[in-house]
Amino acid sequence: MLKFKKQTYISIARNEALNKEESIGEIRRNMGSGASVKTENNAPSVPEGLFIKCGNCGEAVYADDVEENNHTCPKCGYNFRIGAYQRLEMVLDEGSFTEWDKELTTNNPLKFKGYEEKLTILKSDTGLSEAVITGKGKIHGMNLAIGMCDSRFLMGSMGEVVGERITRMVENATREKLPVVIFACSGGARMQEGIVSLMQMAKTSQALKRHSQAGQLYVSVLTDPTTGGVTASFAMLGDIILAEPGALIGFAGPRVIEQTIGQKLPKGFQRSEFLLEKGLIDGIVKRSELRHVLGEIIRMHTVKTDRINTYDHYIKKNAPIAAIPLKDSSLMNAWDRVQISRSAERPTALDYISIIFKDFIELHGDRAYRDDGAIVGGIATVGGKPVTVIAQQKGKNTKENILRNFGMPYPEGYRKALRLMKQAEQFNRPIICFVDTPGAFCGIEAEERGQGEAIARNLYEMSGLTVPIVTIVIGEGGSGGALAMAVSNEVWMLENATYSILSPEGFASILWKDSKRASEAAEVMRITASDLLKLNIIEKVIPETVPACEDNIYDLAGYMKNYIKEFLSKYKSKSREEIANERYDRFRSF
């Protein structure tokens, strides 16, 4: 494993060492009464490099504690800026890294005065030959190509060498069928190289496009700061985009924006948490968890054969694969089932997901506007097979329901779902959808952002996806809001779920001008699982011997898991064209 001197770490932190004039009191408080402090007049002093000042909370902390805490402040969690080799040490298996293209150096394309001298000094001061390190390594024994930007070298700016190294790394990875992981940390394009620097944005982007067309994975990790031309090129093109907590991420820097618009920016603007809320990144990951999360993502994109699921003991072994006959439906009418499907006691999609897919990694956002809490999605495995899981999610209390908008997705929710579906197609992952919604949200904001277009786009794109899709209706399946996640090869329903053109109240109000006739409408509409099975609208009913609740969720999840395994096995040997054609024929028959 690469090792680094503590002084190197301290020199690249945002605040290198405590200023003597302002720090003596802080040092004494942090060291305790028995510690000695030395002044210039031979009074006791603090050894150089023993403490470092946190750039967030302002506290003086032991450098050793910072280093042992993944270079974060042990008091507030602030991420100190660190060098590229240190990141490699944190992420990769020991001794696995082989560096590529270290010998590449700039030609100073604009013959910018003093530029070459500046680079010579930086090389000496940092031990780096440029602002990015690229090469090949391993995480948990799995090979990958990896690039690490380093802010010590001209703020990680991208010139011709940075662009060339990243492009060559991606091209090598495409040839060797390797996933790519890039840690971005940059002030943007390199001013000293002018238009040549600008061209690197296009060069790196086109290399990543070919990598994607070859079906290979790219994970982008955004660190503090990621701005300018790097943000507008390779940093935001990941199949999966992660970020460190609190990282500054944006195209134009905060100072430029404030000067341009003449306004003070709101607190937290352009930070990781802001981007997550706005749907622009998939997740925020602490440094202590990055190695594990990256390993899981790579595993799910490289696993080829089934493996034993170590969590099967959570699910009853006798969960049947064959469909179980329903109990006497005369015991319950359609309106009763409508009420049960809406019950707050019913398990939500995430409840089922947490049991069926123990390695589920949630991915966020539509990459355009916002992350919609009414739809959750991500990647997981079942029976050793990687899948994409997308679900409509209700809350269990008032606070959760406000966060989830009572399970009624906005347009950005459907666009997030479609983004994940297209990603699943790229990596040949089957798609598992869970439906539980009264319907798509109807409101001014939804209409302004194109609710109808978003649903229509899902129907259009899902019809042609070349991976198998199964949808499970676990509660309410309301109108086009449900159908936008149910253009599937098969649709299953829990026994007490409903699936309808609109709510019974809405049906009665429109046709009979009397919403109080909702119970009568429920019978006429034929919206129960048993009715829809007879109409051949769905393929399977999952039995509820008692209405779904906390007491029987493991039984229900067991049925679902076995049915999903059976579904995956059924479609394993089918060609992509056959899968898409079967879905087309299914809906063509209605």
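Select Lys203 to start; this residue sits in helix 7 (residues 194-213). Helices here are DSSP runs of H or I with at least four residues, strands are runs of E with at least two, and both are numbered from the N terminus. The model is predicted: local features need pLDDT of at least 70, side-chain atom pairs count only at pLDDT 80 or more, and totals for chains, interfaces and linings use all residues. Residues are numbered from 1 along each chain as its sequence is written, and side-chain values use heavy atoms, with hydrogens and water left out.

Stay on Lys203 and show its surroundings. Leaving aside neighbours within four places in sequence, Lys203 is in contact with Glu160, Gly163, Glu164 and Thr167. Contact means heavy atoms within 4.5 Å. Draw a line from Lys203 to Thr167: their C-alpha atoms are 6.9 Å apart, across 36 residues of sequence. Now show Gln200. Its side chain joins that of Lys203 in a polar contact of 2.8 Å. A polar contact is a pair of N or O atoms within 3.5 Å; within protein, one must be able to donate a hydrogen and the other to accept it, and residues adjacent in sequence count only if both atoms are side-chain atoms.

Next, select Met199, also placed in helix 7. Met199 is partly exposed, at 45% relative accessibility. The classes are: buried under 20% relative accessible area, exposed over 50%, partly exposed in between (1.4 Å probe, protein chains only). With Met199 they form a nonpolar surface patch of about 290 Å² accessible area together. Patches take residues with over 30% relative accessible area and no salt bridge; like charges are joined within 9 Å, nonpolar side chains (Val, Leu, Ile, Met, Phe, Trp, Tyr) within 5 Å. Areas come from the Shrake-Rupley method with a 1.4 Å probe; for residues, only the protein chains shown count as cover.

Move to Glu164 and Arg168. Their side chains meet in a salt bridge, 2.9 Å from N to O. A salt bridge puts a side-chain nitrogen of Lys or Arg within 4 Å of a carboxyl oxygen of Asp or Glu. The two residues are four apart in helix 6 (residues 160-176), so about one helical turn separates them. Glu164 is partly exposed at 24%, and Arg168 is partly exposed at 29%.

Now select Arg346 and Glu544. Their closest N and O atoms are 2.8 Å apart, in a salt bridge. What does this pair tie together? Arg346 lies in the loop between helix 12 (334-341) and helix 13 (349-356), and Glu544 in the loop between strand 18 (540-542) and helix 22 (553-571), so the bridge links parts 198 residues apart in sequence. Both residues are buried.

Go on to Glu425 and Lys422, a salt bridge of 3.6 Å, N to O. Both lie in helix 15 (residues 411-426), three residues apart, about one turn of the helix. Is Glu425 buried or exposed? Glu425 counts as buried, at 15% relative accessibility, while Lys422 is partly exposed at 36%. Then select Arg342, Lys394, Asp436, Glu476 and Glu505: salt bridges with shared partners join them into one network.

Finally, zoom out. The whole structure has 37 salt bridges. The chain holds 23 helices and 18 strands. Of its 590 residues, 54% count as buried. The chain exposes about 26,700 Å², with carbon and sulfur atoms supplying 52% of it.
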